[in-house]
Amino acid sequence: MAPNPDIRASDADRDRVAASLREHCAEGRITMDELQERLDAVYGAKTVGQLQEVTSDLPEEDLYQLPVPAKQAKGTASPARRPSGDLATQRMPAMWGAWATVSAINLTVWLIILVTSGAVYPWWIWVAGPWGAVLLMRTIFGGRQDDR
């Protein structure tokens, strides 16, 4: 049952409505100027009815939290969702960049040790080689199915 609009509003009621207004502003339903005007009205409200007037044109629940209609869930993909191959393709340069950075650091450390102490086993190959081989295979043949 809806509360009587003539009941006096509490600070908690005002804070709840203010938090809701901030959320609506973050979601783009109201502008910053509207938010400020509405917050002034919220903190000046004396009754629950005045608080309801401030938010009467806004939905009470987030429309994006509602279930997906059956028509969209069955056949069509959500427009915000990327095709599966795009994400793997976008991550590949980052993976190669990480490999190159780590390999360069290891090679630099090895060169410093080589210059300061003489002949040293090229241990950095054991880091760069297998990791590079895995990345190369992944680049050529694609990633695992569960990544997509």
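## Helix α2 and its buried face

In helix α2 of this predicted model, Leu35, Arg38, Leu39 and Val42 are buried, where buried means under 20% relative accessible area, exposed over 50% and partly exposed in between, with a 1.4 Å probe and protein chains only. Seen down the axis of α2, these buried residues fall within an arc of 105°, so they line one face of the helix; the arc is that of the directions from the helix axis to the C-beta atoms. The face turned away from the buried side of α2 carries the exposed residues Asp33, Glu37 and Asp40, while the cover over the buried residues includes α1 and α3, contact being heavy atoms within 4.5 Å.

The 13 residues of α2 should span 18 Å at 1.5 Å a residue, which agrees with the 18 Å between its end C-alpha atoms; the expected span is 1.5 Å times one less than the number of residues. Helices (H or I, at least four residues) and strands (E, at least two) are DSSP runs, numbered from the N terminus.

## Helix α1

Helix α1, residues 11-26, has 16 residues and reaches 22 Å from its first C-alpha to its last, close to the 22 Å expected at 1.5 Å a residue. Its buried residues are Asp13, Arg14, Val17, Ala18, Leu21, His24 and Cys25, and, seen down the axis of α1, they fall within an arc of 130°, so they line one face of the helix. On the face turned away from that buried side are the exposed residues Asp11, Arg16 and Ala26.

What covers the buried residues of α1 includes α2 (32-44) and α3 (48-54). After α1 comes Gly28, whose phi is positive, near 90°.

## Arg14 and its surroundings

Arg14, which has its place in helix α1, is buried, with a relative accessible area of 13%. Its side chain makes a polar contact with the side chain of Asp11 at 3.0 Å and reaches the backbone oxygen of Ala45, also at 3.0 Å. A polar contact is a pair of N or O atoms within 3.5 Å; within protein, one must be able to donate a hydrogen and the other to accept it, and residues adjacent in sequence count only if both atoms are side-chain atoms. Not counting residues up to four places away in sequence, Arg14 touches Ala9, Val42, Tyr43, Ala45, Lys46 and Leu51.

## Salt bridges

A search of the whole structure finds 5 salt bridges, each defined as a side-chain nitrogen of Lys or Arg within 4 Å of a carboxyl oxygen of Asp or Glu. One of them joins Asp11 to Arg14, with the closest N and O atoms 3.0 Å apart, and both residues lie in helix α1, 3 residues apart, about one turn of the helix. Asp11 is exposed, with a relative accessible area of 58%. The side chains of Asp13 and Arg16 also meet in a salt bridge, at 2.4 Å from N to O, and Arg16 counts as exposed at 53% relative accessibility.

Arg38 is buried, with a relative accessible area of 13%, whereas Glu34 counts as partly exposed at 30%. Salt bridges that share partners join Glu34, Arg38 and Asp57 into one network.

## Basis of the values

Residues are numbered from 1 along each chain as its sequence is written, and side-chain values use heavy atoms, with hydrogens and water left out. In this predicted model, local features need pLDDT of at least 70 and side-chain atom pairs count only at pLDDT 80 or more, whereas totals for chains, interfaces and linings use all residues.
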